Amino acid sequence: MIAYVTSTHFQNLGGSIQNRILGIGKGIVQAGHRAVVLSFGSRSWHDEMYVIDGVEVFCFANFDCVLNKISNRLVRRFAWFLIKPIAFVRFLISIFGWMLHNKNECKVVIYYDTLLSLLVFTRLVTFFCKNQLYWEVNEPPHATFERSSIIHKHIKLWYETAIIPKFFDGMVVMTKALMDYYRPYSRHGCKMLYVPMTVDEER
C-alpha cells in the first residue's frame, strides 16, 4: 500500500494537486497495489471517506463549515485561531492512528505539502512505523517568487532546499530538470522517481 498525506481539500476536485495525486494513485491501483489519500479536507462536521477510480480518500474534518457561517470578520478570525488548531491536532492524531493500524501493509508514504508542523509529525510517525517517506514536488521554490518580498524569497528558498529535502528517503518529481535541481539538496541515498505530469495511465 502507498499512502498520500496532504492538507489539500479533496471535496472540490479538478485542481492540479488533486489531479496529480489521483493520477498517480490510479496507476498504483492498476499495478495491483492499494492507494490511500489522508487529507485535511472535509468541510463538514464529520470525517468522510470515498473511492475515486479505486483510490481511497479519507477526508478528516477541518470544521470550515463552522467558520464559513460566521459573517463578522473579527469573530471569524478569533474562531479560526480557536477551532483550526483543534481540528489540525485531531488530523494529526487520525494520521497516527491510521498509520499505526496499517503499519504492516503501508510501505511508502508520499508527502504532498510544505507545512513544517505536518512534515515533522509525518516524519516521526513514518520513522516509528518503519515506512519510507517520499516528497512529491512539482516546482522549484523560485517558481512562485513573482509577488514575494526579498526576505520572503530568501526564507522560502532556504526552507525548501536546506530544510525540507533532508526529511525524505525519496522524492517524486515531474521533470528531469526538477530532479537535477533538488539532487544536490537531498539526503545521501535519496531515491529520485521521475513521473511526468501528463503521463498516460498505462505507463
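Is Arg34 buried, partly exposed or exposed? At 25% relative accessibility, Arg34 counts as partly exposed. Here buried means under 20% relative accessible area, exposed means over 50%, and partly exposed lies in between (1.4 Å probe, protein chains only). The structure is a predicted model, in which local features need pLDDT of at least 70 and side-chain atom pairs count only at pLDDT 80 or more, while totals for chains, interfaces and linings use all residues. Residues are numbered from 1 along each chain as its sequence is written, and side-chain values use heavy atoms, with hydrogens and water left out.

The structure holds eight salt bridges. A salt bridge is a side-chain nitrogen of Lys or Arg within 4 Å of a carboxyl oxygen of Asp or Glu. One of them joins the side chains of Glu56 and Arg34, at 2.8 Å from N to O. Glu56 lies in strand β4 and Arg34 in the loop between α1 (16-30) and β2 (35-42), so the pair ties together parts that are 22 residues apart in sequence. Helices (H or I, at least four residues) and strands (E, at least two) are DSSP runs, numbered from the N terminus. Glu56 is buried, with a relative accessible area of 16%.

Arg34 also forms a salt bridge with Glu105, where the closest N and O atoms are 3.3 Å apart. Glu105 lies in the loop between α3 (73-101) and β5 (108-111), and Arg34 in the loop between α1 and β2, so this pair ties together parts that are 71 residues apart in sequence. Glu105 is partly exposed, at a relative accessible area of 37%.

A further salt bridge pairs Arg187 with Asp169. Their closest N and O atoms are 3.5 Å apart. This pair links distant parts of the chain, 18 residues apart. Arg187 sits in the loop between α6 (176-182) and β8 (191-194), and Asp169 in the loop between α5 and β7 (170-173). Arg187 counts as partly exposed, at 34% relative accessibility. Asp169 is partly exposed as well, with a relative accessible area of 22%. Salt bridges that share partners join Arg34, Glu56 and Glu105 into one network.

The cysteines were examined next. A search of the whole structure finds zero disulfides. A disulfide is a pair of cysteine sulfur atoms within 2.5 Å. Cys106 is in no disulfide, and the nearest cysteine sulfur, that of Cys129, is 8.4 Å away. For Cys129, the closest cysteine sulfur is that of Cys106, too far for a bond. Cys106 is buried, with a relative accessible area of 2%. Cys129 also counts as buried, at 5% relative accessibility.

Most residues other than glycine have a negative phi. Asp53 has a positive phi, near 50 degrees. Asp53 is found in the loop between β3 (48-52) and β4 (55-61). This residue is exposed, with a relative accessible area of 52%. Lys130 likewise has a positive phi, near 60 degrees. Lys130 is found in the loop between α4 (116-129) and β6 (132-137). Its relative accessible area is 76%, and Lys130 is exposed.

The second largest pocket has a volume of about 250 Å³. On a 1 Å grid over the protein atoms alone, a pocket is an open set of points where a 1.4 Å probe fits, with protein on both sides within 12 Å along at least five of seven lines; lining residues have an atom within 4 Å of a point. Grid points are joined across faces, edges and corners, and the volume is the space filled by probe spheres set on the points. Of the 16 residues that line this pocket, the closest to its centre are Tyr112, Asp113, Thr114, Asn138 and Glu139. β6 and α5 (150-163) each supply at least two residues of the lining. The largest share, three residues, comes from β6. The lining divides into seven nonpolar, four polar and five charged residues.

Helix α5 also holds Thr161. Thr161 is buried, with a relative accessible area of 6%. Thr161 touches Pro141, Lys166, Tyr181 and Tyr185, not counting residues up to four places away in sequence. Contact means heavy atoms within 4.5 Å.

Methods: Nonpolar A, V, L, I, M, F, W, Y, C, P; charged D, E, K, R; others polar.
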